Structure formats: structure tokens, C-alpha cells
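Dear colleague,

Please find the sequence and structure below. A short account of what was found follows.

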Amino acid sequence: MKPEKLIKILGTASKLKENTRHSWLPSGRRESIAEHSWRLALLAYFVKDEFPGADIDKVIKMCLFHDIGESFTGDIPSFIKTKNDEEVEQEVFSDWINSLPEPYSTELLALHKEIIDQSTTEAKLFSALDKLEAAVSHNEADIRTWLPLEYELNPQYGYTESQFSPYLRDLQREINQISLDKIEKAKN
């Protein structure tokens with residue numbers, strides 16, 4: 001890859017460090033999209049023993065690239081994101097991927113399609129971990145940063161996506177219990 005193209009790619013990725021998510025960190029500042037993606041990749045790495053048949057390197061790539069569209073659109077929380085928002089994000093993501101040289105564009109288009117189709121263990125694992133990492137982040141944040149709807153949403157976040165795996169069901173239950181304990185503690 002030509003150095004100027006690589007530097008342009010890094011410039012796009014830099015926006016993920018600047019653009020914040022709906023989530024808050026324990027320190028009281030908003031989480032960046034890049035921080036979410038990094039920790040999601042870390043989470044994927046540390047569950048690899050639970051999924052010996054999965055290509056964890058592929059899952060980590062999914063984690064690192066899944067939100068690159070948000071470098072153009074910013075983060076829109078899942079509970080207010082519309083179908084149109086998703087289509088716009090997918091379009092700018094696809095345009096960005098198509099601007100990449102080979103073999104990167106072909107590889108990332110295939111990963112993107114795999115995520116959308118949810119036809120592989122890797123795509124399902126990625127999707128579950130993406131939701132579960134967000135729930136963990138909310139649990140770590142001060143509950144005063146939660147919106148009222150998150151008192152119901154956070155304990156169940158990632159439930160559906162986790163059902164394909166006994167390990168992920170257990171992990172989601174543990175995250176759910178932490179949410180419920182946090183909510184109960186806030187009432188007292």
C-alpha cells in the first residue's frame with residue numbers, strides 16, 4: 001500500500017478516537033468509538049478458548065472494523081437508530097471499503113457481508129460480543145449516566161444474540177445480574 005493511502009486510512013480511523021459513543025467511562029467522560037472497538041477486540045481474544053472452532057482472528061477484524069462507518073456519521077445509540085441511519089452508515093462504510101486497494105477491499109467487503117448475513121459462528125460471536133461489551137461499559141459507568149429506558153434495556157442487552165452459545169448465555173446472565181444489582185443499589 002502506498003504510504004499516502006495508509007496515512008489517509010489512519011486519518012479516517014483517527015475520527016473513531018474523537019467521536020464519542022452514548023456510553024460513559026467510570027472516570028466520567030464519554031467513551032470513544034475507538035475505545036469500544038479496541039475493548040471489543042480484546043474481549044474476542046479472551047474468549048477464544050471457548051470457541052475453538054472459530055477463526056478468532058476474523059472475529060477480531062470484525063471488531064476492529066465494524067464501526068468505521070461511524071467515523072463519517074458519528075455514533076447513533078441503538079435504541080434511537082433508524083433503518084435509514086443504518087442504511088446511511090452501511091453506504092458510507094461500503095464506499096470507504098471500496099476506496100481501499102486490494103486485497104483489503106475484497107477482504108473487508110467479505111467480512112462486512114458475513115456480519116450482515118449472520119451465517120457464520122464468527123459473525124454471530126462478533127454480534128453477541130458487540131452487545132455484551134456495551135452492556136459491560138454501561139455497568140461500569142455511574143448509573144446517573146443511564147437514561148430511564150436503560151434500566152430495562154441494559155439487563156437484557158445481548159440476550160438474543162447470545163442464545164447460540166452456552167458460554168455466551170452464561171456471560172450475558174452474569175452481565176445481566178451486575179446490571180440488576182447496580183439498579184437495586186441505586187434504589188437504596
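At 2% relative accessibility, Glu133 counts as buried, where buried stands for under 20% relative accessible area, exposed for over 50% and partly exposed for values in between (1.4 Å probe, protein chains only). Its salt-bridge partner is Arg39, with the closest N and O atoms 2.8 Å apart; a salt bridge here is a side-chain nitrogen of Lys or Arg within 4 Å of a carboxyl oxygen of Asp or Glu. Arg39 lies in helix α2 (residues 33-46) and Glu133 in helix α7, so the pair ties together parts that are 94 residues apart in sequence. Arg39 is partly exposed, at a relative accessible area of 22%.

Please note that this is a predicted model, in which local features need pLDDT of at least 70 and side-chain atom pairs count only at pLDDT 80 or more, while totals for chains, interfaces and linings use all residues. Residues are numbered from 1 along each chain as its sequence is written, and side-chain values use heavy atoms, with hydrogens and water left out.

A search of the whole structure finds 12 salt bridges. Among them, Arg21 pairs with Glu31, the closest N and O atoms being 3.1 Å apart. This pair joins strand β1, which holds Arg21, to strand β2, which holds Glu31; helices (H or I, at least four residues) and strands (E, at least two) are DSSP runs numbered from the N terminus. Arg21 also forms a salt bridge with Asp67, at 3.9 Å between the closest N and O atoms. Asp67 lies in the loop between α3 (56-65) and α4 (70-73), so its pairing with Arg21 of strand β1 ties together parts that are 46 residues apart in sequence.

Finally, helix α10 (residues 166-187) has 22 residues. Its residues Leu168, Gln172, Ile175, Ser179, Lys182 and Ile183 are buried. Seen down the axis of α10, the buried residues fall within an arc of 100°, so they line one face of the helix; the arc is that of the directions from the helix axis to the C-beta atoms. On the other side of α10, Pro166, Lys185 and Lys187 are exposed.

Definitions and conventions. Expected span 1.5 Å × (residues − 1).
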